[in-house]
Amino acid sequence: MKLIKLSLVATLLIGSSVFAIENTKVSGNAKLYYGTQDSDASNAPNLFSKESAYTNFAARLDLTTDLTKGISAGVGTQVVTTLGVEHNLVDSVWSNAHTVSGSTGARFANGAQVDSAMWFDEVWLAGSAFDTTLKIGRQSLDTPLAFTEDWGVDRNTFEATVLINQSLPDTTLVATFIGKSNGSADDRDSLREGGAGNLNDIGATAAGYVAADGTFSTFGTQGTYAFGAINNSFKPLTVQAWYYDMVDLAQAYWLQADVKCSLVEGLLIGAQYANTDLENGANLGFLNGSLTEVIAGDTKDTTAWSLMLGYEAKDLVTIKAAYSDVSDDGILGVANTATGSVATLGGKSKLYTEMLWNNGYVSAVGAESYSLTAETKVAGDVALLAGYYNADIKTATADKEMREIALKASKSFGPLDTALALIFADLQDSVTPANDVKTTDIQVYLTYNF
């Protein structure tokens, strides 16, 4: 199967030359990510032992081409591998796309071998005419409640039909149907979906937002309709409104306004409001280790709002302070519907307060959060980020607090992007004190773009 996939990409490249297709572009990247964690948990390994380390190598190749006037197409392939180092250098990986098989004597997952994964994450055809673009196929999306994440070594994508119209001045209208996703929320291998289990289920991943083997499955219950409008008629202000109908699962909407103040140069202001409403009788899968599928009853809506105030001193520093509050009603949070354990629960979010590394807390039901961040560049074009994040979650069954301090330095050397991150986290769980833990992560990111 992998040889067939590689052959298809090669055929497309050769074909673009033979038939003189115009404006063909080949691009991609290769990533090598490494991290290690120190923890004060009982019997936890130290920072420099293989048991505390996680790594991955990944590569992707993208081909886009103009077939005829107004018609374009694209194909993207992703591969994720450990290069076999789980046998002797690390005990965890970044990506959940890996599967495990057999026994080689490696210490990973009770002696299991970690298998590489390879899949087409983009295969699309697009046409444009009369201020309108129609894009059909596997593709990345960027909407507030259904989006592609790429902060790990790989990325999740969707099988969707997207219609974009820009006939109205300074306005973009979007209508889409998302049929399938290869995000972790729709991973049929997961125990939550009644599968045999994946790496996320055994806690062996650091950024496991892609389904095992990159497999695409039905998004939500029966797909999702999403509609959006983005307007920038008043130039300092960008407003957007989105509505989602996750068929037989939930409805949701998201409102957002961002201002670059014209009266006070550099002043940044933002506001967000979201609502998720779970369908009565929706199937949530096998949650929290239950042996039977959890069927939602008559639940309340979950609402969330967030405010951001910042200041951008051009070419010097950008400082932001943000606050968010998620109601303690309902079941669903306001995170990415494609990732996490179930739709809008446990994944990364678009809230202004979202943490750099410990995702899933600020968007959870009952979370009251705030963040302070500063970004600047120093000599040698080194970009620095410093952030403090705090999420306090209180519901009828939960009372916990997560604090994160993140420091990150990034620099590019031509096509090579490098970054070093230091992340301190402190989880305090009043209901289950045994879950209290303090961790320190050191991470190295290497990305070669071509």
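Contact here means heavy atoms within 4.5 Å. The model is predicted: local features need pLDDT of at least 70, side-chain atom pairs count only at pLDDT 80 or more, and totals for chains, interfaces and linings use all residues. Residues are numbered from 1 along each chain as its sequence is written, and side-chain values use heavy atoms, with hydrogens and water left out.

**Exercise 1.** Work out what share of the contacts with a separation of 6 or more joins residues 24 or more positions apart.

*Solution.* Take the contacts in the protein with a separation of 6 or more; residues 24 or more positions apart account for 59% of them.

**Exercise 2.** Compare the radius of gyration with that of a compact globule.

*Solution.* Start with the rule, 2.2 Å times the number of residues to the power 0.38, with the radius taken over C-alpha atoms. For 450 residues this gives a value near 22 Å, and the protein has 22 Å, so the two agree. Next, look at the extent: the C-alpha trace spans about 65 × 60 × 55 Å along its principal axes.

**Exercise 3.** Decide whether Thr318 is buried or exposed, and find its contacts.

*Solution.* Second, apply the cut-offs: buried is under 20% relative accessible area, exposed over 50%, partly exposed in between, using a 1.4 Å probe and protein chains only. Thr318 has 17% relative accessibility, so it counts as buried. Finally, leaving aside neighbours within four places in sequence, Thr318 contacts Leu268, Tyr311, Glu312, Thr373, Ala374 and Glu375.
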